[in-house]
Amino acid sequence: MKSKSCFIIFLIGLGVMVLSNSALSGVTNSDSFSSLNMTYPQILIAQAQTSTQKGQEVEDQFVDEDDDFLEEFENTTPEASVADPLYYLNYSMYAVNDFLYYAAIKPIATGYKFITPDFFRIGVNNFFHNLLFPVRFVNNVLQFEFKDAGSEVGIFVINTTVGILGFGQVAQNQFDMYTANEDLGQTLGAYSIGNGFYLVLPVLGPSTLRDTVGLVGDSFLTPVNYVEPWELSLGIKVYDAINSTSLRLGDYEALTGAALDPYVAIRNAYVQNRLKKVNE
């Protein structure tokens, strides 16, 4: 019943996305919002979207989507724009996410990092990345990237067996195999479907209508979502998010601290980063 309801929501969202993209195709976001006399709090960047590949030696060797996000933030250009008709709602959610980060997520992640060895946290992150094989494989196929899809199969088999359920990324570290981190949002973008409009999701942070529809679609391919009861599934996701956050403590503060207008800067950086991934 839950899967049926999610599928209906996915179809409705896809229809709304197509219609809104058509309606907003000639609309670009105005940065006039940044001229409003408002004090911007720092915000929470998305930590629970599709996990990305990490190295195993030390935390400084991590090259993942969050690192790409930081790099794109530093190189944000005016071309990275998106319609933001829900600005005030988005801004409110952005402030709520910031509060949750500092009041709960960061303290918990800091304590977890203090009591948990680095190798274990990296292994856990690798495990959850390995679990998302169906998402990467299907979206590579949908984008006709059959070579990358085949590589994903090889990586999954090697890491699940030799790497012990994915805790070790043997395929990447020993065989130099490349992981193509594709998701449905990127697939829709590859089909020339635009962003629609900007959204800030609870806890997850920056997104767009297209990427939000993509998240719902990818949820059908995410194994953790089929764990019963739902409370256990939610608990696993929360643990994954806390573990992932513990590996990046300080990145969020560095990112927001460098911006005069964090909301606009993060919005533009997010869109630019996603555009780069769609074009890769």
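## Close-up views of a predicted model

View 1. R274 is buried, with a relative accessible area of 6%; here buried stands for under 20% relative accessible area, exposed for over 50% and partly exposed for values in between, calculated with a 1.4 Å probe on protein chains only. The model is predicted, so local features need pLDDT of at least 70 and side-chain atom pairs count only at pLDDT 80 or more, whereas totals for chains, interfaces and linings use all residues. Residues are numbered from 1 along each chain as its sequence is written, and side-chain values use heavy atoms, with hydrogens and water left out. R274 forms a salt bridge with D211, their closest N and O atoms being 3.0 Å apart, and this pair links distant parts of the chain, with R274 in helix α12 and D211 in helix α9, 63 residues apart. The term salt bridge is used for a side-chain nitrogen of Lys or Arg within 4 Å of a carboxyl oxygen of Asp or Glu, while helices (H or I, at least four residues) and strands (E, at least two) are DSSP runs numbered from the N terminus. D211 counts as buried at 4% relative accessibility, and its side chain also meets that of R210 in a salt bridge of 3.5 Å, N to O. D183, R210, D211 and R274 are linked in a network of salt bridges.

**View 2. Helix α9 and its covered residues.** Helix α9, residues 209-219, is mostly covered, as nine of its eleven residues are buried. Among these buried residues are L209, T212, V213 and G214, and R210 and D211 are both buried as well.

**View 3. The salt bridge between D84 and R267.** The structure holds seven salt bridges, and one is formed by D84 and R267, whose closest N and O atoms are 3.0 Å apart. This pair links distant parts of the chain, D84 lying in the loop between α2 (65-74) and α3, and R267 in helix α12, 183 residues apart. D84 counts as buried at 4% relative accessibility, and R267 is buried with a relative accessible area of 0%.

**View 4. The largest nonpolar core.** The largest nonpolar core has ten residues, namely V82, Y87, Y91, Y94, Y198, V200, Y263, V264, Y270 and V271. α3 (87-115), β1 (198-201) and α12 (262-279) each supply at least two residues of this core, and α12 gives the most, with four residues. Apart from this core lies another, of nine residues, among them A83, L188, F197 and L209. A nonpolar core is a set of buried Ala, Val, Leu, Ile, Met, Phe, Trp, Tyr and Cys residues joined through side-chain atoms within 4.5 Å. Leaving aside neighbours within four places in sequence, Y198 is in contact with residues including V82, A83, D84, Y263 and R267, where contact means heavy atoms within 4.5 Å.

**View 5. Aromatic pairs.** A search of the whole structure finds 16 aromatic pairs. The rings of Y87 and Y88 have their centres 5.0 Å apart and their planes at 80°, so this pair is edge-to-face. Y87 is buried, with a relative accessible area of 1%, whereas Y88 counts as exposed at 54% relative accessibility. In F133 and F156 the ring centres are 4.5 Å apart and the planes lie at 15°, so the pair is stacked. This second pair links distant parts of the chain, F133 being in helix α5 (residues 133-142) and F156 in helix α6 (residues 146-161), 23 residues apart. F133 is buried, with a relative accessible area of 14%, while F156 is partly exposed, with a relative accessible area of 29%. Rings of Phe, Tyr and Trp (its six-membered ring) pair if their centres lie within 6.5 Å, and planes under 30 degrees apart count as stacked, over 60 as edge-to-face and the rest as tilted. Ring pairs also link Y87, Y88, Y91, Y94, Y198 and Y263 into a cluster.

View 6. The buried residues of α6 are A149, S151, E152, I155 and N159. Seen down the axis of α6, these buried residues fall within an arc of 155°, so they line one face of the helix; the arc is that of the directions from the helix axis to the C-beta atoms. What covers the buried residues of α6 includes α4 (118-131), α5 and α7 (170-175), and on the other side of α6, F146, K147 and T161 are exposed.
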